[in-house]
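This report walks through selected parts of one structure. Please look at the sequence and the model shown here before reading on.

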Number of protein chains: 2
Amino acid sequence: MTLKHSRPAQASADSLLRIFTAPEDETSTLSIIEQKLSEDLAGFLGESIAALEKPLSLIEKDFQAHQIPTQPKFVSDYTDEIMQNLVAHSVHTAAPSFIGHMTSALPYFVLPLSKMMVGLNQNLVKIETSKAFTPLERQVLGMMHHLVYQQQPSFYQQLMHSASHSLGAFCSGGTVANITALWIARNRLFKAQGDFKGINQQGLHRALKHYGYDDIAILVSERGHYSLGKAADLLGIGRDNIISIPTDANNKVDVNMMRQKAAELTASNIRIMAIVGVAGTTETGNVDPLNELADLAQKIDCHFHVDAAWGGASLLSNKYRYLLNGIERADSVTIDAHKQMYVPMGAGMVLFKDPELAQSIVHHAEYILRIGSKDLGSQTLEGSRPGMAMLVHACLQIIGLDGYEILINNSLEKARYFAQRIKDNPDFELVTEPELCLLTYRFVPAIVQQKMALALSRNDQSALKQFNDKLERLTRFIQKHQREQGKSFVSRTRIKPAKYHRQVTTVFRVVLANPLTSEEILNQVLEEQSNIAKLDKQALSALLTLAEHYK
Amino acid sequence: MTLKHSRPAQASADSLLRIFTAPEDETSTLSIIEQKLSEDLAGFLGESIAALEKPLSLIEKDFQAHQIPTQPKFVSDYTDEIMQNLVAHSVHTAAPSFIGHMTSALPYFVLPLSKMMVGLNQNLVKIETSKAFTPLERQVLGMMHHLVYQQQPSFYQQLMHSASHSLGAFCSGGTVANITALWIARNRLFKAQGDFKGINQQGLHRALKHYGYDDIAILVSERGHYSLGKAADLLGIGRDNIISIPTDANNKVDVNMMRQKAAELTASNIRIMAIVGVAGTTETGNVDPLNELADLAQKIDCHFHVDAAWGGASLLSNKYRYLLNGIERADSVTIDAHKQMYVPMGAGMVLFKDPELAQSIVHHAEYILRIGSKDLGSQTLEGSRPGMAMLVHACLQIIGLDGYEILINNSLEKARYFAQRIKDNPDFELVTEPELCLLTYRFVPAIVQQKMALALSRNDQSALKQFNDKLERLTRFIQKHQREQGKSFVSRTRIKPAKYHRQVTTVFRVVLANPLTSEEILNQVLEEQSNIAKLDKQALSALLTLAEHYK
């Protein structure tokens with residue numbers, strides 16, 4: 001075998017310079033792989049990723065060395081290694097049958113564009129290292145702002161590129177977006193006043209002292225994303241001050257209970273800093289009643305944030321955008337482009353209704369981010385950042401609103417189709433209906449469903465618990481086994497459905513955002529699950545016996 | 001012209017599916033560009049990026065539309081547009097004469113590997129969406145941990161892949177790394193105790209109350225990175241509690257003054273939460289006396305963090321690693337791989353001496369990050385994250401320690417060469433000597449240097465101020481003009497050198513981490529600056545007149 005390398009495996013100044021100046025030979029291993037990526041991504045992923053799951057403990061054996069190797073390595077040798085050790089045991093997130101998480105197939109054009117982005121290696125923290133990427137990112141934020149808030153053209157003409165305004169902040173993902181929104185909410189609440197120089201300068205305890213509150217709180221549905229708890233921890237507020245409000249039978253926050261809780265807290269001299277609406281929830285895909293939450297936030301004069309990290313892309317559908325009605329009243333909105341917008345991982349955004357909102361977290365430095373500059377870094381949590389906004393820009397232009405309309409509608413309608421198939425199948429139970437394109441269900445043999453209905457009609461919670469416990473084992477088995485077989489993947493989670501009197505219920509969770517997922521694939525997923533259920537004979541027979549004996 | 005598109009510019013379900021299934025034709029605009037990137041990145045960048053700078057206000061005109069376009073667009077048309085509007089007016093950060101910031105040329109192999117990373121589209125938040133990428137990232141953190149802390153092999157065998165330990169956290173960049181370190185320091189200081197459930201649960205004000213402190217503070221050199229102030233704001237501590245300690249003549253923090261300040265604060269019942277050492281500073285590239293800081297941190301029992309975002313890569317050189325002596329005593333260390341390690345933007349890390357450190361920020365969620373899982377997301381500030389660790393892994397293996405030794409040494413020695421050239425040139429003044437590979441200087445005509453020396457010998461601060469003011473104008477002019485000409489780029493900053501009695505001094509700032517920057521290029525930079533200086537006749541003659549009249 002003749003090896004052609006741009007890079008000899010020895011360290012000399014000359015050979016090292018070559019990795020910066022001489023490209024990989026066309027016939028090198030890496031070039032051949034790259035060619036395959038360009039010509040047939042699905043084929044590459046399908047062939048390169050092992051179908052059968054290898055246990056993590058075995059995979060770890062290939063990543064045991066703790067010393068940086070002394071000797072340089074040939075690029076081709078390295079490529080061969082990671083194809084075997086890494087790529088083969090990565091997750092085929094783009095597979096049409098991978099419907100367990102929010103990652104989808106990617107359009108082809110993002111691959112060469114990503115490569116261009118990496119080659120350009122811009123740093124968006126400041127104009128000096130990003131130039132045109134700065135107005136591009138501002139435009140992406142402007143377009144997404146318009147998608148949510150639909151202000152007049154003059155609004156965007158004046159503010160989109162203004163140094164002292166920002167229509168949003170681009171970031172690595174929804175977690176940073178949510179943290180940024182709550183950071184702003186906190187800082188605006190405790191702004192400078194009289195002797196007090198502001199929470200940003202003097203900290204939370206002096207802020208509380210100055211404003212005379214005993215504590216602050218954030219109100220959110222019990223289905224709020226875990227990043228909110230992380231934000232409360234990080235911001236010095238404490239996780240206990242994320243006040244979790246129960247949801248109704250449709251997994252939407254109970255606004256009456258929130259209103260009541262707000263009154264109680266206010267009476268105890270605890271200031272409500274923000275209400276967070278969820279659109280949709282990570283576990284069931286439901287959207288909170290955003291207009292009612294906006295009313296409440298207005299009444300108690302607090303920040304209203306909507307976490308639409310996953311669901312926000314539904315605004316791109318004229319047909320279904322009504323499902324997020326009220327989102328335009330939010331002070332800030334989180335949307336992840338790497339979820340339903342078909343952009344690769346690492347593209348989060350938070351949008352600000354009021355373009356002066358981010359002033360409360362503005363910071364400067366001598367060598368960059370000078371006062372009056374348009375450097376994006378002066379209003380972001382992150383510092384150095386890549387030019388990911390370019391990929392969002394590309395998708396918005398190349399797919400267009402008309403294209404997204406079709407893609408989003410297809411996803412939502414596919415979820416409705418799948419829900420119907422689950423309902424039609426006597427051995428499955430649809431646990432939560434799809435509002436957007438996420439639903440939960442489980443395998444429950446027909447006889448068990450009948451007996452559980454009976455137990456429900458008698459309000460026999462103890463029997464229900466027995467059924468649910470046995471079903472949990474089976475659900476976990478099916479999910480794990482299906483994943484390990486490598487044909488398809490659904491995720492699982494634990495929720496507390498109103499129907500089962502809030503008993504913990506383990507369910508399959510399915511997200512249908514991949515345009516390549518066909519109805520046939522969905523039918524196969526159910527069939528595969530039915531078959532796997534039979535493999536855990538013990539669990540299945542224990543369940544059936546329980547059902548038979550319940551009279 | 002025959003257009004070949006994988007994607008017709010119309011929205012139909014079929015045409016949309018094609019962007020996910022049919023690659024770009026080989027003869028399409030985007031494919032041709034991609035080919036050029038693979039074959040000749042430097043050529044592509046050189047030809048595609050406009051040499052002459054276009055004013056930002058004109059660039060913005062191409063990014064004015066605020067509505068997401070309705071109609072889809074051909075990929076080729078989009079590509080043509082961004083080549084003209086975006087790529088042409090991006091910044092040639094990889095140019096050997098772009099020596100103003102910390103971005104360098106990239107090795108060729110990172111381009112195809114990045115494309116593979118994007119195509120695989122893993123999400124590192126959890127194993128279910130990243131599988132082998134999880135142990136890979138843990139190995140990268142292990143190797144970097146070993147680079148800093150050099151623990152025994154058994155340490156890494158036991159802990160590198162342990163679910164309840166982490167040797168570090170991978171993140172988008174140094175800012176998030178620094179925030180993570182200080183978040184951990186804060187949470188460990190205020191851990192649960194008796195009735196108090198911990199700051200993560202109950203927040204900062206209750207923590208202070210429980211522990212009986214009036215406030216908390218972080219001690220750091222006045223040259224500390226601006227992300228530390230941002231962290232203090234975010235964490236609820238307040239920017240005023242970042243206590244800025246003066247530096248000595250070499251821009252290293254004055255440990256005596258820090259010691260004194262620590263005693264004062266402690267006497268005022270202000271708890272010192274952390275000492276941050278800088279290695280090296282963003283503006284002058286100097287390294288704090290880390291061992292002395294470690295001693296002090298030990299004495300007052302606080303967290304010791306080292307911000308080596310930029311300088312940390314110097315540990316890869318056996319010859320120069322001594323410059324960071326004491327870093328191995330830090331509780332946490334920030335290192336950015338996208339600075340001197342030749343990895344593209346978006347690869348930050350914080351390393352933990354104690355693998356249980358991150359326990360203080362651990363969080364879980366039902367559908368992912370279950371207790372006992374090895375999901376990386378349970379101990380990171382960010383949620384969803386791309387598989388950037390792969391690119392660090394690749395560079396560590398392909399370049400190897402022997403390769404980095406050469407690259408890092410070359411950078412440091414190039415900086416010494418350039419410093420000597422500046423000193424040899426009668427019309428330039430070296431303001432700060434390079435300790436790593438960063439230095440600052442300015443253009444000061446010989447006659448002005450003589451008269452400033454005279455003013456210094458007389459301690460005539462008023463005269464010095466006059467000279468410095470006039471020099472500032474000239475320095476700014478040269479820097480801006482040089483950037484606009486597009487041949488080379490140095491950055492500028494304002495520092496307060498001890499030599500000039502802390503008068504604000506505007507300087508050129510140069511970072512020499514690009515392996516392709518030759519001595520010839522450096523000589524040209526000085527020549528170009530001399531020539532540009534003559535263009536601002538007014539500023540130059542005012543300066544010379546001032547010098548002539550100063551006797």
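The model is predicted.

**A residue in a loop of chain B**

Is B:Lys339 buried or exposed? Its relative accessibility is 14%, and buried means under 20%, so B:Lys339 counts as buried. Leaving aside residues up to four places away in sequence, B:Lys339 touches B:Met102, B:Ala309 and B:Trp310, and also A:Ser384 from chain A.

Chain B is superposed on chain A by a rotation of 180° with 0.0 Å of shift along its axis, and the RMSD is 0.0 Å. The two copies are thus related as by a two-fold rotation axis. The same surface serves both copies, since 100% of the contact residues of chain B recur in chain A.

Chain A is assigned domain 1 (13-90), domain 2 (125-385) and domain 3 (407-549). Between the C-alpha centres of domain 1 of chain A and domain 2 of chain A there are 40 Å.

**Strands and their pairing**

Strand β5 of chain A covers residues 303-307. Five of its five residues are buried, so β5(A) is largely enclosed by the rest of the structure. On one side of β5(A) are A:His303, A:His305 and A:Asp307, on the other A:Phe304 and A:Val306, and all are buried.

β5(A) pairs with strand β4 (residues 270-278) of chain A. The path from β4(A) to β5(A) passes through helix α14 (residues 290-300) of chain A, and this β-α-β crossover is right-handed. β5(A) also pairs with strand β6 (residues 332-336) of chain A.

In chain B, strand β1 (residues 168-171) has B:Gly168 and B:Phe170 pointing one way and B:Ala169 and B:Cys171 the other way, and all are buried. β1(B) pairs with strand β7 (residues 348-352) of chain B.

The table sets out the sense of these pairings and the number of bridges.

| Strand pair | Sense | Bridges |
|---|---|---|
| β4(A) and β5(A) | parallel | five bridges |
| β5(A) and β6(A) | parallel | three bridges |
| β1(B) and β7(B) | antiparallel | four bridges |

Single bridge partners can be located in each pair. A:Ala274 has A:His303 in β5(A) as its bridge partner. For A:Val306, the bridge partner in β6(A) is A:Val333. For B:Gly168, the bridge partner in β7(B) is B:Leu351.

**A glutamine in contact with both chains**

B:Gln122 is in the loop between α6 (110-120) and α7 (133-149) of chain B. Its relative accessibility is 2%, so B:Gln122 counts as buried. The C-alpha atom of B:Gln122 is 9.9 Å from that of B:Ala132, which is 10 residues away along the chain.

Which residues does B:Gln122 touch, not counting residues up to four places away in sequence? From chain A they are A:Ser90, A:Val91, A:Thr93 and A:Met345. From chain B they are B:Thr129, B:Ser130, B:Phe133, B:Arg385, B:Pro386 and B:Gly387.

The side chain of B:Gln122 also has polar contacts with backbone oxygens. It reaches the backbone oxygen of A:Val91 at 2.7 Å, and a polar atom of the B:Gln122 side chain lies 2.9 Å from the backbone oxygen of B:Leu120.

Conventions
Residues are numbered from 1 along each chain as its sequence is written. Chains are lettered from A and ligands numbered from 1 in the order in which they are written. This is a predicted model: local features need pLDDT of at least 70, side-chain atom pairs count only at pLDDT 80 or more; totals for chains, interfaces and linings use all residues. Side-chain values use heavy atoms; hydrogens and water are left out. Copies are superposed by least squares on the C-alpha atoms of residues with pLDDT of at least 70 in both. Contact means heavy atoms within 4.5 Å. Domain bounds come from an automatic or database domain assignment. Helices (H or I, at least four residues) and strands (E, at least two) are DSSP runs, numbered from the N terminus. Buried means under 20% relative accessible area, exposed over 50%, partly exposed in between (1.4 Å probe, protein chains only). A polar contact is a pair of N or O atoms within 3.5 Å; within protein, one must be able to donate a hydrogen and the other to accept it, and residues adjacent in sequence count only if both atoms are side-chain atoms. Two strands pair if DSSP finds at least two bridges between them. A crossover is right-handed if, with the strands pointing away from the viewer, the path from the first strand over the helix to the second runs clockwise.
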